[in-house]
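This report describes selected features of a predicted model.

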Amino acid sequence: MPDVLDATPYDALLLLSFGGPEGPDEVVPFLENVTRGRGIPKERLKEVGQHYFLFGGISPINDQNRALLDALRKDFADHGLDLPVYWGNRNWAPYLTDTLREMVADGRRRILVLATSAYASYSGCRQYRENLADSLATLEAEGLEVPKVDKLRHYFNHPGFLEPMIDGVLESLADLPEDVRDGAHLAFSTHSIPTAAADSSGPAEDHGDGGAYVEEHLDVARLIADAVRERTGIDHPWQLVYQSRSGAPHIPWLEPDICDHLEERHKAGVPAVVMAPIGFVSDHMEVLYDLDTEATAKAEELGLPVRRSATVGADPRFAAAVRELVLERVAVESGRQVTPCALGALGAGHNVCPVGCCPARAPRPAAAGADSPYA
């Protein structure tokens, strides 16, 4: 039996995600939840829902969260961490408020939260905190005892998040035809957001062109590219690119788009491209549609060999990283000295968001497109 790891003062972990439909009849109601208050006609939502209908009206994000839950529970049990793990979503069942009610009924009073978003931004961090605050206010209005909730820090540069992505890129390179492999370029992809939202991401001192959102992604891309070079002996050129834009044309969003980037690389004579979705925790709808469907179709049209590397998903190394993040926060809350685990130039993120961190609500796009934290 493993030694028992003490999680005090915490008595539960909440996996907090975006949510998604689990059948064709749920697609439009789900999108209505995502776009509530924006006056988007149901006909438009049906158009947007076509991405889901291509996959039977089922978002893969739910099964992926179930797999991550299983991986976390197994890792915790294997290492003697007696901390129950729950799951709640922002936009679909199991709803966040319902899960918090369940946790309160189970006697949980000090909760850690793991959000399925690794980077700084309004919609990738602050909005999750606002959702938590709204749900806790609902519980208080119902006369329930409101638990204290703390969100785990960003984990974009934790080795347990990076190593699976490094392996994914190496496997994708190895899967390319030998005659184009060494010359392949790496396209590190993440969700495009309005430039105004990017510029105001992170603590106030980090605000500027691209803010912490772009800086963090660039650091991850650099770490992966460096690791690939060290393990293969080949220096593959790389670029940070964006996908899944859904905003009005007059609002500037981060560029270049992945499909535009593939066209540009093809024109430049690049023999192959590996698309690495570093901005996403799992292979949810935007990865399946925007990369595996749309971008891959563009590459086939161009005659450009491409491969798409895997996201972290329920990799045991990621589950172990979450355990390490939990124990790190336990130490902090208990007043013990701890050295946070982080690679790269930026170091470990803050445990408590400072004043002025990600203050601007991102301009809402005309319609949501998929499992998007920016929809």
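## Surroundings of S17

Apart from its neighbours within four places in sequence, S17 is in contact with I61, N65, W87, G88, N89, R90, T116 and Y128. With N65, the side chain of S17 makes a polar contact of 3.1 Å.

S17 belongs to strand β1, which spans residues 12-17. The relative accessible area of S17 is 0%, under the 20% limit, and S17 is therefore buried.

## Helices α7 and α10

Helix α7 (residues 159-175) and helix α10 (residues 211-232) have axes that come within 10 Å and cross at roughly 55°. At this angle α7 is oblique to α10. The crossing is right-handed.

On the α7 side, the contact is formed by L162, E163, M165, I166, D167, V169, L170 and L173, which meet V220, L223, I224, A227, V228, R231 and T232 of α10. Sorted by class, this contact has eleven nonpolar, one polar and three charged residues.

## Helices α11 and α12

The axes of helix α11 (residues 258-267) and helix α12 (residues 285-302) also come within 10 Å, and they cross at roughly 20°. Angles under 35 degrees count as roughly parallel, so α11 and α12 are roughly parallel to each other. Their crossing is right-handed.

From α11, the residues I258, C259, L262, E263 and H266 meet L291, E294, A295, K298, A299 and L302 in α12. By class, seven nonpolar, one polar and three charged residues make up the contact of α11 with α12.

Terms used: Residues are numbered from 1 along each chain as its sequence is written. This is a predicted model: local features need pLDDT of at least 70, side-chain atom pairs count only at pLDDT 80 or more; totals for chains, interfaces and linings use all residues. Side-chain values use heavy atoms; hydrogens and water are left out. Axes are lines fitted to C-alpha atoms, for helices over the stretch in contact, and angles run from 0 to 180 degrees between N-to-C directions. Helices (H or I, at least four residues) and strands (E, at least two) are DSSP runs, numbered from the N terminus. Angles under 35 degrees count as roughly parallel, over 145 as roughly antiparallel, 65 to 115 as roughly perpendicular and the rest as oblique. A crossing is left-handed if the near helix is turned anticlockwise from the far one by less than a right angle, and right-handed if clockwise. Contact means heavy atoms within 4.5 Å. Ala, Val, Leu, Ile, Met, Phe, Trp, Tyr, Cys and Pro count as nonpolar, Asp, Glu, Lys and Arg as charged, and the others, Gly among them, as polar. Buried means under 20% relative accessible area, exposed over 50%, partly exposed in between (1.4 Å probe, protein chains only). A polar contact is a pair of N or O atoms within 3.5 Å; within protein, one must be able to donate a hydrogen and the other to accept it, and residues adjacent in sequence count only if both atoms are side-chain atoms.
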